[in-house]
Structure formats: structure tokens, C-alpha cells
Amino acid sequence: MNRDLLWRLPKAELHVHLDGSIRPQTMIELAREQGVRLPAADPEALKRAVHVRHARSLEEYLERYQITLSVMRTPAALERIAYEFLLDAAAENLRYVEVRYCPALHADGMSLVEAVEAPLAGLRRAEKETGALGRLIICGLRTLDPKISLDLARLAVDYRRDGVVAFDLAGAERGHPAAAHARAFEYALSHGLKCTCHAGEGDGAHSIWQALEICGAHRIGHGTRLYEDPELEGYVRERRIPLEVCLTSNVHTGTVASLEEHPVRRYLDEGMVVTLNTDSRLVDGTTLTDELWAAHTRLGLGRKEIERIILSGFESAFLPEPEKESLLAEVRAELEALR
Ligand SMILES: [Zn+2]
């Protein structure tokens, strides 16, 4: 296997933050339009300023998002960022992406409705040009008032026929239990919306239990620290709950000491449903191809395992079943043809 082949394989991505995945040049142009000061004026220097290599914690890692969020204050900016995001993903042969963000973080410059309609319009525009499907996940934040999470879950439900496929809970994990936001999950689930939840990244296995048992999440964002609780591992395996694994990001946040120590190998060997994702393209300085390449070169995953991960990405998508099945049929045929 080589990097070029990984680039050409059809791929799906389920865990990536819109506010962490902006083109540096676009940030500079948007900052100029909006009168915002950035830490650097040329794209390469800005890339370095936003890129996190070794944060001491998830909290420190999340601070970088203040820089990207500073230029996401108009509907036009959100539309453009979502549009370019899907173009870049499609250029890497991603056929399906669920991109997430928290509309409440953009509410000082626009209404919540504008904050959701703008990125949906950007995704639709890119979808028409590329054929790649882009869907949105709306995130509540652990550090915000749970009432805001409930408002965001309502917003997600209101747009469930227009491209929003799920509700998520993100943000600093330790000391901010998901259970406090249970009503938001309950609202989403009771209205037929799928849910995922960041857990087992900035905190331990008990946080994953809460995401699954109290919040009813269908997938787990990261789930890196699942290995801390063998009973929970069994639960996740038996129920085939997909893990949204983000290798590079986990090194950057200090969730794992190095890529080689990442437990994903163990999760695959145990038969869990593993998907690979970037978490963010700019903040983590990566692409989905880079993540697959790292899994191959640094964790020793072979072609069969890579193909399994790719198929798990499509199988775990929050798409209606008929749509998912036809996409999967195309992807299977294409993987076969590239063998
Ligand atoms: Zn994330």
C-alpha cells in the first residue's frame, strides 16, 4: 500500500469539526472583511499558529479554536467555510462527510437559524459541484448551560429533513458530565434524530458509560479510553457501537502519549466497529488520507483492515438506510476495482 492509493480509495468521515477545518487563506480574507486581528498575516504562519502539536490537555487544545471562531461571525463566512470544506474533502475522494459544529458559538453575529442554514447552503453548493455528500451534526457544549444544549437539540430536529443528521455533545469533558445534558439527548432521540457524544477523550471510561446509558448515544466520539473498563468494552462490542477514532488528534490532546500507543489496534482485534477521522483538518494539520497512512505505517494496519475501517465509516453513517445501502454498493464495487 502507498499513500497515493489511500488518497484514491473512496472514503467517509464521521467526526470532523467545521471550526477546526478552515483554509488558512480563507481565514485571512475573512479576517480582513470582518476587521478581525489574527496571530499571523500569511497562510503558512497562520497554519503554524493554529496547529496544535502538544497540548497538555483537551482544554488547552480547544483554546486554538478561539482563533478560527473569530472569523466565523457572518452567515456568508459560514457558507464559504462549509463549501470549501466539502470541496477539499471531495478532492481527497471523500464521498460522504458528517461535519459538526456548535451554532451557539456563532450567535453573536447571526441568529441560530442563520447559523444552521448558512453551512447547509455551503454543503449543498459543494455537493452539486462534486457529488460528495455533506451532512451536518449540531453540537451542544458540555461547558455551556444545558438549556442551550436543549435549544440546539431542538434546532437539530427542526433541520433533520434539510441535512442535519445528528446531535452531539462536545467541549471540555472532565468535570462537565454528559448526564447534565440528558434532556437535549432525550429530545433529539424522541424526535427520531441520531446522537453521538464525545467521550473517553478528556475523561475516562465512566464518561463513555454516561454517553451510552444516560444519553443514549448511537456512536462514541473518540472512545479512546474504553480499554479502562473491560465490561464496557464488551458492551460496546456486542452492541456494535461505532467508535469515531481520531488518531493524530488524540496525540495532540495528550489523550495518548504517542500514536504507537493508541489502543485502536486492540479495538480492531477485539472486533469493534472502528472508523477513522481527522477531528479537524487545520487545527490537527491532517487529512483523512494522512490518518489512514499513519494507521498503516505506524500501527501496522494492512489493506484488509484499512478497507474494513473504510466500510465501517459508510456503514456507521447517520443516513437513511436506502441511501446508505446504495452508497455502500458503489463503494464496495470501487474498492474491488482498485484491488
Ligand atoms: Zn471532536
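Predicted model: local features only at pLDDT ≥ 70, side-chain atom pairs only at ≥ 80, totals over all residues.
Entry 1: Residues are numbered from 1 along each chain as its sequence is written, and side-chain values use heavy atoms, with hydrogens and water left out.

Six bridges join β2 to β3, and these two strands run parallel; two strands pair if DSSP finds at least two bridges between them. On the other pairing that I checked, five bridges join β1 to β2, again running parallel. Within that pairing Lys11 stands opposite Leu94 in β2, and the bridge partner of His17 in β2 is Arg100.

**Entry 2: the whole sheet.** I traced eight strands forming an open sheet in the order β1-β2-β3-β4-β5-β6-β7-β8, with parallel pairing. β1 and β8 stand at the edges with a single partner strand each, so one side of each has no neighbour in the sheet. Neighbouring strands of this sheet are turned by 25° against each other on average, direction ignored; for such angles, axes are lines fitted to C-alpha atoms, for helices over the stretch in contact, and angles run from 0 to 180 degrees between N-to-C directions.

Further along, I noted that four bridges join β5 (residues 194–199) to β6 (residues 219–222), which run parallel, and that Thr196 has Arg219 as its bridge partner in β6. Two helices that I checked pack on the sheet. Helix α6 touches β1, β2 (94–101) and β3 (133–141), and its direction makes about 145° with that of β2. Helix α9 (residues 182–190) touches β4 (164–170) and β5, with its direction at about 150° to that of β5.

**Entry 3: the core and helix α6.** Of its 122 residues, Met27, Val71, Tyr96, Val116, Phe167 and Val236 touch the most other members. Helix α6 (residues 75–91) gives the most to this core, with nine residues.

For Val236 I listed contacts (heavy atoms within 4.5 Å) and, leaving aside neighbours within four places in sequence, found Leu212, Leu226, Ile241, Leu243 and Met272. Glu84 lies in helix α6 and counts as buried because its relative accessibility is 8%. With neighbours within four places again left aside, Glu84 is in contact with Arg23 and Thr26.

**Entry 4: the zinc ion.** I found the zinc ion coordinated by His15 (NE2), His17 (NE2), His198 (NE2) and Asp279 (OD), at 2.1 to 2.4 Å. Donors here are N, O and S atoms within 2.8 Å of the metal (3.2 Å for Na, K and Ca), and sites may look incomplete because water is not among the atoms. The four donor atoms subtend angles of 82 to 170°, which makes the arrangement irregular; four donors count as tetrahedral if all angles lie between 85 and 135 degrees, while four count as square planar and six as octahedral if opposite donors are over 155 degrees apart and all others between 65 and 115, anything else being irregular.

Along the chain the donors follow the spacing H-x1-H-x180-H-x80-D. His17 counts as buried at 9% relative accessibility, and Asp279 counts as buried at 2%.

**Entry 5: backbone angles.** Most residues other than glycine have a negative phi. I noted that Asp279 has a positive phi of about 75° although it is not a glycine. His222, in strand β6, has a positive phi of about 80° and is not a glycine either.

Conventions. Buried < 20%, exposed > 50% of the residue type's maximum accessible area, 1.4 Å probe, protein only. Core = buried A, V, L, I, M, F, W, Y, C linked by side-chain atoms within 4.5 Å.
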